[in-house]
Amino acid sequence: MAKVQAVDDQCPVELGLNILSGKWKLKILWHLSKGTIRFNELQRLLGSITTKTLTEQLRELEEQRIILRTVFPEVPPRVEYSLSEIGNTLKPILGGLCEWGKTYQEYQRQGKHVEKGLNFIPMIFHSCPHC
């Protein structure tokens, strides 16, 4: 859960990290950056997230006004999530993170994981169908 502190009292970097911290938030925002998604579809895209955890993460992002939740008066109820106006400003950041990830993958593939006498354990990467 995000820590509560007055927005004006926080360093902007700490504020951003506080809002985006956690295992799931960036993944949720990445999928929402592609467009509006229903709850069950988002859960399927995320894989191993529980209904409870996804609900909690979405509530936090909604409370922080990063995402919008739209409930349609149908039976059964249909709920859709999308990025808010301020949430849309994260798209370039998410895109930049994706590009950095691709650069890092290539860096690792080229064997540059030994630098300045430091040995890094090579990581196994898969192609990202979302980028």
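## Exercise 1: a serine in a strand

Leaving out neighbours within four places in sequence, S82 is in contact with L32, T36, I67 and L68, where contact means heavy atoms within 4.5 Å. Before going on, note that this is a predicted model, in which local features need pLDDT of at least 70, side-chain atom pairs count only at pLDDT 80 or more, and totals for chains, interfaces and linings use all residues. Residues are numbered from 1 along each chain as its sequence is written, and side-chain values use heavy atoms, with hydrogens and water left out.

**Task.** Find out where S82 sits and whether S82 counts as buried or exposed.

**Solution.** 
- Step 1: locate the residue. S82 belongs to strand β3; helices (H or I, at least four residues) and strands (E, at least two) are DSSP runs, numbered from the N terminus.
- Step 2: check the accessibility. S82 has 16% relative accessibility, so it counts as buried (buried is under 20% relative accessible area, exposed over 50%, partly exposed in between, with a 1.4 Å probe and protein chains only).
- Step 3: look at the rest of the strand. Six of the six residues of β3 (residues 78–83) are buried, so this strand is largely enclosed by the rest of the structure. R78, E80 and S82 cover one side, while V79, Y81 and L83 are on the other, and all are buried.

## Exercise 2: building the sheet

**Task.** Work out in which order the three strands form the open sheet.

**Solution.** 
- Step 1: Strands of a sheet pair through backbone hydrogen bonds, either parallel or antiparallel. Here two strands pair if DSSP finds at least two bridges between them.
- Step 2: take β1 (residues 37–38). Two bridges join β1 to β3, and the two run antiparallel; R38 stands opposite E80.
- Step 3: take β2 (residues 67–72). Six bridges join β2 to β3, again antiparallel. F72 stands opposite R78, and V71 has V79 as its bridge partner. β2 and β3 make a hairpin with five residues between them.
- Step 4: The order is β1-β3-β2, with antiparallel pairing. That leaves β1 and β2 as edge strands, each pairing on one side only.

## Exercise 3: two helices meet

**Task.** Describe how α2 (residues 25–32) and α4 (residues 51–63) pack.

**Solution.** 
- Step 1: get the geometry. The angle is about 75° and the axes are 10 Å apart. Axes are lines fitted to C-alpha atoms, for helices over the stretch in contact, and angles run from 0 to 180 degrees between N-to-C directions.
- Step 2: classify the angle. α2 and α4 are therefore roughly perpendicular to each other (under 35 degrees is roughly parallel, over 145 roughly antiparallel, 65 to 115 roughly perpendicular and the rest oblique).
- Step 3: list who touches. K25, I28 and L29 of α2 meet L54, Q57, L58, E60 and L61 of α4.

## Exercise 4: the core

**Task.** Which residues of the largest nonpolar core touch the most other members?

**Solution.** 
- Step 1: know the term. A nonpolar core is a set of buried Ala, Val, Leu, Ile, Met, Phe, Trp, Tyr and Cys residues joined through side-chain atoms within 4.5 Å.
- Step 2: Among 23 residues, I28, L29, L54, L58 and I67 touch the most other members.
- Step 3: find the main supplier. α2 gives the largest share, four residues.
- Step 4: zoom in on L29. Beyond neighbours within four places in sequence, L29 is in contact with L20, L61, I66, I67, L83, L90 and L94.
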